[in-house]
Amino acid sequence: MSDTPHPDDRLRAADPNAQVWDGGGPSGGAAPWPPPQGRPAPPAGYVQPPAFAAAPAGSRYHEQARNGRQGPLGRLGEVLLVTVLLAVGLIAVTVAGIALGHGLGLELAPDGGDRVLSDPLADEAMGLAGLAVGIPVVLLAVRVCGRRPAGTVLSVLGRLRWRWLARCAAVAFPLMALQMGGLLLWGWIEDGPESLSGEFPGWLAMLLGSAVFLVLVPFQAAAEEFVFRGWLAQFFGGFLRSPWPGIVVASLLFALAHGFGAWSGFALLFYSAVWWGWLVIRTGGLEAVIAIHTANNVLSYGIALALGQLADSGTAADAPWQALVLELVCAPAYCLLVSKLSGRYGVERLSPQHRITLPLPRR
């Protein structure tokens with residue numbers, strides 16, 4: 001008797017969910033599933049593909065949708081599902097926020113403004129929670145329409161690499177603090193102390209606001225990365241070899257999603273998004289861009305809160321040209337440094353061998 005394992009046994013070891021037709025009978029044992037009525041039984045050695053499958057081993061991050069489970073109609077359905085669920089989720093969170101605010105005695109903002117609630121902190125919290133809906137929406141869409149593990153949006157390992165995320169955050173927060181400090185200093189040199197004018201809200205309000213932003217901003221930042229650097233990049237990577245079409249389109253949509261402000265703000269958003277898109281492919285996951293996005297937003301909200309300017313705070317689309325100049329240096333500095341660290345720590349850029357779940361060829 002040969003000691004060479006049967007191909008079906010190798011398949012079962014690689015993918016316990018795969019169903020192999022052994023043909024039945026005394027030698028093959030009982031069939032794992034009954035043949036459909038009116039149809040002949042599948043031949044011996046036939047492999048039923050699993051319902052959900054990851055991309056083949058050696059796939060880059062943007063290629064994670066290449067699992068052979070989705071055609072043009074499936075891609076169209078995925079786009080529609082993400083679009084509809086994002087809109088529905090944002091509306092639902094807004095309605096719930098208004099109801100909760102009413103119960104807490106908060107008034108609606110005057111007509112004609114960009115805010116829904118008159119209280120700036122409550123309004124910002126509601127907005128952040130609404131954007132965080134993007135996380136479950138994307139995970140559901142790739143699972144239902146993409147028929148692949150939802151974790152493939154996070155990284156090539158199919159999960160969030162927490163240790164790598166912490167290392168990226170250790171780089172992102174100091175660098176972003178230095179960048180914002182430079183911007184404040186630039187404004188002080190040009191405009192004097194008036195550039196930092198504001199009224200400190202008090203320690204209780206400062207602590208409460210800081211707690212709100214520390215809790216909600218990571219989810220909001222992660223949700224935007226799930227949609228723009230994650231889902232969109234993998235959507236285009238499902239049928240295009242190069243990652244650059246997906247990176248460019250996602251970067252353009254990312255800048256447009258922040259609204260129309262100053263030309264410098266739009267350029268800053270697009271420029272940063274292109275670098276971040278490259279970094280995702282380079283590191284094989286979203287951890288590095290979630291870290292820098294979170295650092296940017298937490299520190300921005302913190303400065304606005306400390307200066308009593310939370311009600312007047314805009315978006316990055318309103319960023320001045322000085323912020324763009326600093327971003328021209330800081331964005332590549334962060335991305336190149338983190339890319340180098342990923343090589344030092346052996347961060348996976350390709351899906352590993354154990355991720356093969358496609359059926360083996362018949363012998």
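## Exposure and the basis of the model

A residue here is called buried under 20% relative accessible area, exposed over 50% and partly exposed in between, using a 1.4 Å probe and protein chains only. By that rule Phe 260 is exposed, because its relative accessible area is 77%.

Before going further, please note that this is a predicted model, in which local features need pLDDT of at least 70 and side-chain atom pairs count only at pLDDT 80 or more, while totals for chains, interfaces and linings use all residues. Residues are numbered from 1 along each chain as its sequence is written, and side-chain values use heavy atoms, with hydrogens and water left out.

## A nonpolar surface patch

Phe 260 belongs to a nonpolar patch on the surface, together with Val 249, Leu 252, Leu 253, Leu 256 and Phe 266. Together these residues have about 540 Å² of accessible area (Shrake-Rupley method, 1.4 Å probe, with only the protein chains shown counting as cover for residues). Patch members have over 30% relative accessible area and no salt bridge; nonpolar side chains (Val, Leu, Ile, Met, Phe, Trp, Tyr) are joined within 5 Å, and like charges within 9 Å.

Helix H8 (residues 244–257) gives the patch its largest share, four residues. Phe 260 sits in the loop between H8 and helix H9 (263–283). Helices are DSSP runs of H or I with at least four residues, strands are runs of E with at least two, and both are numbered from the N terminus.

## Aromatic pairs

A pair of aromatic rings is described by the distance of the centres and the angle of the planes. Rings of Phe, Tyr and Trp (its six-membered ring) pair if their centres lie within 6.5 Å; planes under 30 degrees apart are stacked, over 60 edge-to-face, and the rest tilted. The count by this rule is ten aromatic pairs. One of them is edge-to-face: Trp 186 and Trp 321, at 5.3 Å centre to centre with 85 degrees between the planes. This pair links distant parts of the chain, as Trp 186 is in helix H6 (residues 162–191) and Trp 321 in helix H11 (residues 321–344), 135 residues apart. Trp 186 is partly exposed at 23% relative accessible area, and Trp 321 is partly exposed at 43%.

Phe 235 and Phe 239 have ring centres 5.8 Å apart and planes at 90 degrees, so this pair is edge-to-face. Phe 235 counts as buried at 16% relative accessibility, whereas Phe 239 is partly exposed at 39%. Ring pairs also link both residues with Trp 231 and Phe 236 into a cluster.

## Charges over rings

A charge sits over a ring if NZ of Lys or CZ of Arg is within 6 Å of the ring centre and within 35 degrees of the ring normal. Arg 167 lies over the face of Tyr 345, 3.8 Å from the ring centre. Arg 229 lies over the face of Phe 254, at 4.2 Å from the ring centre.

## Salt bridges

With a side-chain nitrogen of Lys or Arg required within 4 Å of a carboxyl oxygen of Asp or Glu, the count is five salt bridges. Arg 115 bridges to Asp 123, with the closest N and O atoms 3.2 Å apart, and to Glu 124, with the closest N and O atoms 3.3 Å apart. Arg 115 is buried at 19% relative accessibility, Asp 123 at 10% and Glu 124 at 13%.

Glu 287 forms a salt bridge with Arg 161, the closest N and O atoms being 2.8 Å apart. This pair joins distant parts of the chain: Glu 287 is in helix H10 (residues 287–306) and Arg 161 in the loop between helix H5 (134–144) and H6, 126 residues apart. Both Glu 287 and Arg 161 are buried.
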